[in-house]
Amino acid sequence: MVDFSTSKLRKRVEAMSTVVERETQLQKYSISGRVWQCYTGTRLNVAYPQGADGIKAKAVAVCHTDTSAWNPKHLAFQVLKVNQGTVPICHFLPEDHIVWVPN
């Protein structure tokens, strides 16, 4: 995966993922800060949520800014009640997912 990522993104890449301080129950989180970086067709957001019980996390979200080539029947369009290519589609990455970005 590193070889493929460096061949597409340059020689210096960084692996980013969502990290939670410790295992926790389902709860509400508030976002205290956000950093973002743009790449071709996507925007990467890093948020620092804090749970109602005080647990802290670093949450990585990806916003797909150009969805015009997606299948118009994609589940995201149905759930969000939007059409293909009209708005960015954003989602947080689970803890076990990795996104590779140029460093």
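**Questions about a predicted model**

Biologist: R22 has 44% relative accessibility; which class does that put this residue in?
Modeller: This is a predicted model, where local features need pLDDT of at least 70 and side-chain atom pairs 80 or more, while totals for chains, interfaces and linings use all residues. Residues are numbered from 1 along each chain as its sequence is written, and side-chain values use heavy atoms, without hydrogens and water. Buried means under 20% relative accessible area and exposed over 50%, with partly exposed in between (1.4 Å probe, protein chains only). At 44%, R22 is therefore partly exposed.

Biologist: With which residue does R22 form a salt bridge?
Modeller: Searching the whole structure turns up 1 salt bridge (a Lys or Arg side-chain nitrogen within 4 Å of an Asp or Glu carboxyl oxygen). R22 takes part in a salt bridge whose closest N and O atoms are 3.4 Å apart. The partner of R22 is E21.

Biologist: Which element has the lowest mean pLDDT, and which the highest?
Modeller: Remember that pLDDT is the predictor's confidence in each residue, from 0 to 100. Over the protein chain the mean is 85, and 92% of the residues reach 70 or more. Among the elements, the lowest mean, 72, belongs to strand β3 (residues 29–39), and the highest, 96, to α2.

Biologist: How many bridges join β5 to β6?
Modeller: Strands pair if DSSP finds at least two bridges between them, so let's follow β5 from partner to partner. With β2 (residues 19–20) there are 2 antiparallel bridges, and V19 has K58 as its partner. With β4 (residues 42–51) the pairing is also antiparallel, over 6 bridges, and V46 stands opposite V60. Finally, H64 stands opposite I89 in β6, and the antiparallel bridges joining β5 to β6 number 4.

Biologist: Which residue in the turn between β4 and β5 has a positive phi?
Modeller: β4 and β5 form a hairpin, with 5 residues between the two strands. In the turn, a phi of about 95° belongs to G54.

Biologist: What is the phi of K81, a residue other than glycine?
Modeller: Most residues other than glycine have a negative phi. K81 sits in the loop between α2 (75–80) and β6 (89–92), and counts as exposed because its relative accessibility is 73%. Its phi is positive, near 55°.
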